[in-house]
Amino acid sequence: MNIMTTVKSPAQPKIKSLAVEGLSKSYGQIHVLSNLNLRVEPGEVISIVGPSGAGKTTLLRCLSGLLPPSSGGVKVGDEPVREPVAEIGLVFQDYRGSMMPWMRAEENVAFPLQGKGVSKSVRLARARECLEAVGLPGVGDRYPWQMSGGMQQRVAIARAIAYDAQILLMDEPFGSLDAQTRFDLEDLVLSIRRRLAVSIVVVTHDIDEAVYLADRVVVLSGHPATVIDTVDIDLGMDRDQIKTKADPRFAAYRGRILEQIRRPKPE
Amino acid sequence: MVAGYRLFFWQIFAALCVVALWAVSNRLHWVDAAILPPVEVVAAQIVVVVGRPEFLAAIGNTVFDGLRGLIIGSVLAIPMGILIGMFPSVDRSTRILIDFGRSFPVIALLPVLILLLGATSQMKVVAIAIACFFPVLIQTIYGARRLDPTISDTIRSYRIPAHLRFFKVLLPAAGPYIGTGLRIASTVAILVSVGVEIVSLTPGIGREIALARSYNETATAYAYIFFAGLLGVLLTVLWDRLEARLLGWHHRSAVE
Amino acid sequence: MRYVLVDFLVELARSIWLPVCLLLLWLVVSNGSTSIYFPPLADIGATLVRELFVGDLGRNLLLSLYNLAVGLVIAIVLGVAFGLIIGRAEKFRRVVSPTLNFLRAVPPAAIVPIIIIALGVGAAPKIFVIALGCFWPILLNTIDGVRGTSPALLETARAYRIPSHLFVFRVSLPAALPQIMAGIRVALAVGLVLMVISEFFGADAGIGFYITDASTRFAIQETWAGTLLVGVMGYVLSSLFLQIERRLLYWYFQDGNNASQRQSNRRRIKAGGGQ
């Protein structure tokens with residue numbers, strides 16, 4: 001996957017950090033998240049793992065401003081996040097549902113830019129550029145239903161990039177894709193972080209994926225969920241599906257996280 | 001529960017707003033009283049009309065003629081629909097006829113029907129039956145067409161005889177669709193019933209509306225229109241109840 | 001190329017053999033009929049052609065179609081506009097829904113005598129009645145369509161901070177379009193009925209007037225001819241509408257995933273059956 005061109009953003013602003021400060025969330029009597037603290041430094045890739053139902057998606061929705069926290073808060077730079085902010089680009093698990101079926105791929109990518117008031121020719125050119133950057137040259141005129149799941153998720157990533165997001169939030173982005181497509185898209189994420197000045201937060205239940213992608217893995221567990229461990233992943237910038245995953249350090253990280261997740265299970 | 005009461009209160013309030021708008025437009029002469037009489041006069045007429053001897057007869061005529069037409073139309077449409085849905089070749093060759101029939105405004109047939117049958121209840125029932133026939137037919141065809149391939153394979157491999165296949169498999173499978181067809185058709189029955197009565201002055205709500213209007217009693221006409229609307233609402237409520245009870249399994253399986 | 005043509009002809013034959021046979025049957029059976037009520041089809045046809053091109057029928061038809069078109073356009077504009085607003089305002093919708101349900105349950109034909117007799121024989125009262133009757137199915141279907149917008153799309157639009165004018169025209173409207181078109185299809189049938197009925201009442205022109213006028217004069221052939229013409233018109237209009245719908249909803253009909261959703265949409269169509 002080295003065919004990618006570089007995507008130059010019109011004006012490259014200084015990237016901001018993303019900070020979670022004492023965040024709790026409950027729905028009525030059900031406490032989902034309890035007093036989470038987390039900081040994503042500029043340019044960092046963080047994975048959030050946890051067993052299903054641990055509130056990972058709730059956390060991501062709070063991070064993006066789609067869901068108001070019950071207490072505590074989220075900050076991008078120094079600004080608190082209350083509604084979705086321009087610095088954050090979201091990639092949903094439901095790639096099918098997040099594409100407007102009446103828009104072609106490039107229109108889908110360009111649509112948020114229209115909301116920013118970018119002129120038509122500029123935003124379409126940018127959409128094409130970003131589609132190329134995610135490995136989809138020349139498919140801009142296809143409709144979502146003319147593309148495979150993997151392609152649709154690439155379009156969703158292109159949309160987040162085109163939006164000039166400094167922070168990409170991905171919610172189980174590759175959960176419903178087949179293994180090979182999944183590996184390709186994981187490598188796409190790594191290549192994006194190498195080429196672009198962005199921070200990335202990936203929520204996943206797949207521990208291999210979490211370790212493979214991240215500089216740091218945050219392990220969530222319990223009811224309500226808390227951060228039970230933070231693992232720094234020291235595998236360098238250049239990773240490879242076969243070599244990295246065969247690395248003994250990879251296995252060690254993996255084992256450590258797996259143990260964390262399994263331990264608190266009540267009998 | 002409190003929220004429920006509050007919602008109900010607001011709903012009443014919204015309806016009252018419409019009435020108030022009506023009253024204001026009367027006072028300020030926005031609309032001619034010949035088109036929209038004062039709201040209090042219409043309200044009084046709604047009460048007066050209920051006491052009249054022809055009121056129940058009119059409602060009864062509209063409802064029962066509608067029902068007769070609905071039953072005749074459906075009895076013809078359901079078996080025919082299943083047959084058409086079962087055989088793709090029949091389906092194709094009847095499509096133009098059905099499309100023609102369903103897009104035909106039955107009201108336009110009235111002059112011909114009146115010439116043939118006279119302005120009688122029979123004529124009204126025939127018109128209603130024709131109008132009800134098509135929605136039931138079309139929905140039944142959908143239902144019979146969409147038989148699950150696994151089910152049809154099962155039937156074939158167990159060599160289920162034709163009459164059992166019809167009554168035990170196709171009819172129940174098409175049931176929810178037939179229900180939808182009947183629901184649409186019952187609304188159609190009331191609408192056509194009233195429409196025919198207005199045009200041909202056959203007994204029923206529509207006749208009362210047309211007569212009241214021609215005696216220049218517009219308020220009385222509105223009183224009957226109010227009851228015609230109430231009839232429609234009642235029908236919707238009845239169907240909602242019935243569907244919730246009967247089609248529970250269908251919705252559940254649709255979620256899967 | 002030749003095979004394509006042959007295939008096309010075979011397909012055509014398969015779908016039109018039955019209507020053609022029935023028409024021929026009617027032609028043969030009615031041939032030489034002396035019943036005044038059932039004139040020979042050949043005579044009706046001849047009358048239809050003569051009246052259409054030489055007589056008044058053509059002018060009357062165009063007049064009626066004009067009223068229908070204007071009424072329908074008014075209903076579409078108002079119904080879609082209000083539907084987009086009410087569909088987004090869930091609390092408001094719940095408050096007004098009993099009132100709306102009552103108003104749409106009123107048989108539109110019932111107000112025809114009042115409006116037509118009060119306002120006279122011109123085009124305006126007919127257009128008003130058609131617009132009023134067509135408004136409800138379009139409004140209610142638009143509301144349903146807007147409410148049916150998938151939550152994933154709403155989240156996406158929020159996450160990417162789509163401003164509200166863009167959201168209405170590029171998200172809500174297209175998302176509701178399949179249901180809006182279903183509403184317009186119902187409205188077309190309602191409009192056709194109201195067009196005919198309003199011309200039965202106070203009119204000196206129009207296809208409905210032509211039919212009643214012929215029947216009161218006991219001009220049976222003209223009555224049949226006018227009635228058949230209304231049928232053909234209904235068929236042509238709904239076929240035309242289907243073509244427009246397929247064009248507009250290209251993305252919708254192509255998407256295999258919508259097949260089952262389409263079925264359920266059909267079941268949800270409000271106030272179905274225009275009669």
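This is a predicted model: local features need pLDDT of at least 70, side-chain atom pairs count only at pLDDT 80 or more; totals for chains, interfaces and linings use all residues.

User: Glad to start with confidence: what is the mean pLDDT of chain A?

Analyst: In chain A, 93% of the residues reach a pLDDT of 70 or more. Residues 1-5 of chain A stay under 50, and the model has 12 contacts beyond four places in sequence for them. Over chain A, the mean pLDDT is 83.

User: Is strand β3 of chain A largely enclosed or open?

Analyst: Let's look at its two faces. A:Val45, A:Ser47 and A:Val49 lie on one side, A:Ile46 and A:Ile48 on the other, and all of them are buried. Five of the five residues of β3(A) are therefore buried, so the strand counts as largely enclosed.

User: Which strand does β3(A) join through five bridges?

Analyst: β3(A) has four bridges to β9(A), residues 216-221, and these two run parallel; here A:Ser47 stands opposite A:Val217. On another pairing, A:Val45 has A:Ile200 as its bridge partner in β8(A). The strand joined to β3(A) by five bridges, also in parallel, is β8(A), residues 199-204.

User: Which helix gives the most to the side of chain C that touches chain A?

Analyst: In this interface, 20 residues of chain C are in contact with 19 residues of chain A. Helices α7, α8 and α11 of chain C each supply at least two residues of that side. The residues on the chain C side divide into 10 nonpolar, five polar and five charged. With six residues, the top contributor is α7(C).

User: And which residues have the most contacts inside the largest nonpolar core?

Analyst: That core has 213 residues, and α8(C) gives the most to it, with 20 residues. One of the two residues asked for is in contact with B:Val106, B:Leu109, B:Leu110, B:Leu113, B:Val192 and B:Val196, leaving aside neighbours within four places in sequence. The pair with the most contacts inside the core is A:Ala158 and B:Ala127.

User: What radius of gyration does chain B have?

Analyst: Chain B is built from 11 helices and zero strands, and 41% of its 256 residues count as buried. Its C-alpha trace spans about 75 × 60 × 30 Å along the principal axes. A compact globule of 256 residues would come near 18 Å, but the radius of gyration of chain B is 23 Å.

Note on methods. Residues are numbered from 1 along each chain as its sequence is written. Chains are lettered from A and ligands numbered from 1 in the order in which they are written. A residue is buried if 20 or more other C-beta atoms lie within 10 Å of its own, exposed if 12 or fewer, and partly exposed in between; C-beta atoms are placed from the backbone. Two strands pair if DSSP finds at least two bridges between them. Two residues are in contact if their C-beta atoms, placed from the backbone, lie within 7 Å. Ala, Val, Leu, Ile, Met, Phe, Trp, Tyr, Cys and Pro count as nonpolar, Asp, Glu, Lys and Arg as charged, and the others, Gly among them, as polar. pLDDT is the predictor's confidence in each residue, from 0 to 100. A nonpolar core is a set of buried Ala, Val, Leu, Ile, Met, Phe, Trp, Tyr and Cys residues joined through C-beta atoms within 7 Å. The radius of gyration is taken over C-alpha atoms; the globule rule is 2.2 Å times the number of residues to the power 0.38.
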